[in-house]
Every structure is written in structure tokens, then in C-alpha cells.
Amino acid sequence: MIVVAIIGMLAAVAIPNLIQARKDAAKKACQQNLNTLETVMQQWAVDRQKSDNANVSGDDIKPLLKNKKMPRCPGGGSYTLTTVDEPPTCSVHGRMDTEEGEAAPK
Ligand SMILES: [Zn+2]
């Protein structure tokens, strides 16, 4: 009985941490997808000599993506592409996190 109580207590502590860790991992993977989409979008714009305000869609850049498919957000979000100078966004995670410096222009 005591063992069950201890396991219960440990689970009560560990489960929220695990959930948070899973969310953090999903966000991180999503940020990488957004980063990839941004890079591929810019590559597409350069290849086709598109202006900054040119519209871009998933179908436009698909041929340049790995397996010719749009990446999927691990959090269940969907990606939105608008124009060449607008970074892609995720319906769940929003924009790329430039604070961490990963997606900041170099
Ligand atoms: Zn996402």
C-alpha cells in the first residue's frame, strides 16, 4: 500500500514534467520545420527571381522540400505561407522564435 502511494506521488510529480517536456520537444521540432520552410521559401524566391511581396504557397515550395512534402507540426498545427518576406507561421506555435537566435538572419 505504501509502495502504491509512493509510486502515485512520484507519478504526480513526474507526469506534468513529462507533459511539459513533450510540449517543449514538439515546439522545438516545429521551430525547425519553420526554419526549413523559411530557408526553402527564400531559395524558391531566388531561383524564380520573385520579389519580396510575391505570394508563396506550400505547393510552390513542395518540390524543393525533402520527400517533396510539407513538414508536419508535431503539435498538430498547420503551416501558413503568405509572401516571400513574411516568415511562415504555425497555427499552434506561431512564428519562429528569433530570441533563441536559431532563426535570426545571419
Ligand atoms: Zn507547430
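User: Does Gln49 count as buried or exposed?

Analyst: Gln49 has 7 C-beta neighbours inside 10 Å; a residue is buried if 20 or more other C-beta atoms, placed from the backbone, lie within 10 Å of its own, exposed if 12 or fewer, and partly exposed in between. The model is predicted, and local features need pLDDT of at least 70, side-chain atom pairs count only at pLDDT 80 or more, and totals for chains, interfaces and linings use all residues. Residues are numbered from 1 along each chain as its sequence is written. Because of its 7 neighbours, Gln49 counts as exposed.

User: What is the phi of Gln49, and where does this residue lie?

Analyst: Gln49 is not a glycine, yet its phi is positive, about 50°. Helices (DSSP runs of H or I, at least four residues) and strands (E, at least two) are numbered from the N terminus. Gln49 lies in the loop between helix H1 (2-47) and helix H2 (58-61).

User: Which residues does Trp44 contact, leaving aside neighbours within four places in sequence?

Analyst: Trp44 is one of the buried residues of H1. Contact requires C-beta atoms, placed from the backbone, within 7 Å. With those sequence neighbours left aside, the contacts of Trp44 are Val56, Asp60, Ile61 and Leu64.

Conventions: Two residues are in contact if their C-beta atoms, placed from the backbone, lie within 7 Å.
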